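Let's take a look at how parts of a protein chain sit together. Have the sequence and the 3D view open as you read.

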Amino acid sequence: MINITKLWTGAAQPADALRYGTGRHPAHPGGHTASTRKPITVWNITRTCNLRCVHCYSDSNAMGYPGELTWPQMEAVVDDLAAYQVPSLLLSGGEPLVHPRFFELVQKASAAGLKLTISTNGTLITQEKAALLKAAQVAYVGISLDGIGAVHDEFRRKEGAFEGAVRGFRHCHGVGQKTGLRLTLTRHNVQNISQILDFIEQEQIQRVCFYHLVPSGRGSSLQVLTPEESRHALDTLIARAEAWHRQGVTRELLTVAGPADGAYLLLRMERENHPNLETARRLLTWNGGGANSSGRGIANIDTQGNVHPDQFWQDITLGNVKTMPFSQIWDGHSPASAGTLDAIRSIGTLSQGERQARMSGPCAGCQWFCVCGGGFRTRAAYGAGGGLWGSDPGCYLTEAERTGVELVS
């Protein structure tokens, strides 16, 4: 994640300890170091969903799916994640609120001391359910929105989905539950960013995450942004973060699955002689971008109990929590995980020079490799012939920006 608010304005943000090794986190009261990182864990607790979104990476539908974890297995996962001290647990789906024991799971996870986030389409959040989430001390509820009105309904393939999501936001706000908006940037909605940001202001949403599309599941057929569209999107977000900061608004504005955003941010800071340039450079270098994300700083448990490097990288399975605790799988004790995790993590554990020398494509000669880490590794692996050491096809920097050498026409 690239926290634009933090890096551009310098304002302290709730997850600074996780992203930049600063501040405090309960699991690591002395602050985070590279060696103490544990994975933010995305747990897809069910594949069932009441919508059928066009960009769904899990290809979910309104039906039951056999093989999902039993309640005793889910309890064991919670106990293990708590003992392992993962810094954050994100419950997702499908639509997590359709799970028949969703609120029991939320209460158990919260009681175990886990920092809990919910990723939902928002349409099932009633006043009563919002109050239960607040009572369970959920850190925040992330509601997905992919446009305003009919644009969102088209994405979700259900008329009224937008109004249902808005009601979900308002029910949460009514009980004081912190909310976040999650949006996947595609060519279908990128032109509406300003309108979406206006909506965030109107509804007083405290946190917003713009995801770069990772073509997977039903999202494989969607068009990713052009480089020009990506740059325009980042410029728009930077301008709004700056405006909110001037107004004294402490809203978090982040981008996800696009480590090149960090390099683009620094390029702009250099051109504008920004006072926060060196601080931003230091924080982004500590973060490491893609080198410290999938398989290291991010983990996924799917609905069948399979463990993956992240929620999009479903063709790599590291083990299954039905037969081995997540903590042991993540520490490399599963036969399936040991070699694979070593290979994925080598992008972050080798020296910068060693790992960049192994890269193919534009990343091999990029001056921003130390802050980007070769981009989002899942997208790079899925890219044409990319593999583990391929370059991220979602990078939108020009050759001159990557190399620092102006081209002569």
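Predicted model: local features only at pLDDT ≥ 70, side-chain atom pairs only at ≥ 80, totals over all residues.

The structure holds 16 salt bridges, and we'll visit some of them below.

**Two helices side by side**

- Start with helix H10 (residues 260-272) and helix H11 (residues 277-287), whose axes come within 10 Å and cross at roughly 165°.
- Angles over 145 degrees count as roughly antiparallel, so H10 is roughly antiparallel to H11.
- If you're wondering about handedness, the crossing of H10 and H11 is left-handed.
- On the H10 side, the contact uses Gly262, Leu266, Met269 and Glu270, while H11 brings in Leu277, Ala280, Arg281 and Leu284.
- Sort the residues of this H10–H11 contact by class and you get five nonpolar, one polar and two charged.

- Side chains of opposite charge can pair when their charged atoms come close.

**Glu203 and Arg170**

- These two side chains, Glu203 and Arg170, meet in a salt bridge, at 2.7 Å from N to O.
- Glu203 is in the loop between helix H8 (193-202) and strand S7 (207-212), and Arg170 is in helix H7 (residues 161-174), so the pair ties together parts that are 33 residues apart in sequence.
- Glu203 has a relative accessible area of 11%, so it counts as buried.
- Arg170, at 49%, is partly exposed.

**Glu252 and Lys178**

- Glu252 pairs up with Lys178 in a salt bridge, and their closest N and O atoms are 2.7 Å apart.
- You'll find Glu252 in strand S8 (residues 252-256) and Lys178 in the loop between H7 and strand S6 (179-185), so this bridge ties together parts that are 74 residues apart in sequence.
- Is Glu252 buried or exposed? With a relative accessibility of 3%, Glu252 is buried.
- Lys178 is partly exposed, with a relative accessible area of 24%.

**Asp235 and Arg268**

- Asp235 and Arg268 form a salt bridge too, with the closest N and O atoms 3.1 Å apart.
- Here the pair links distant parts of the chain, since Asp235 belongs to helix H9 (residues 227-246) and Arg268 to helix H10, 33 residues apart.
- Asp235 is partly exposed at 28% relative accessibility.
- Arg268 is buried, with a relative accessible area of 13%.

Definitions and conventions:
Residues numbered from 1 in each chain as written. Heavy atoms only, no water. Axes fitted to C-alpha atoms, helices over the stretch in contact; angles between N-to-C directions. Helix = DSSP H or I, 4+ residues; strand = E, 2+ residues; numbered from the N terminus. Parallel < 35°, antiparallel > 145°, perpendicular 65-115°, else oblique. Left-handed = near helix turned anticlockwise from the far one by under 90°. Contact = heavy atoms within 4.5 Å. Nonpolar A, V, L, I, M, F, W, Y, C, P; charged D, E, K, R; others polar. Salt bridge = Lys/Arg side-chain N within 4 Å of Asp/Glu carboxyl O. Buried < 20%, exposed > 50% of the residue type's maximum accessible area, 1.4 Å probe, protein only.
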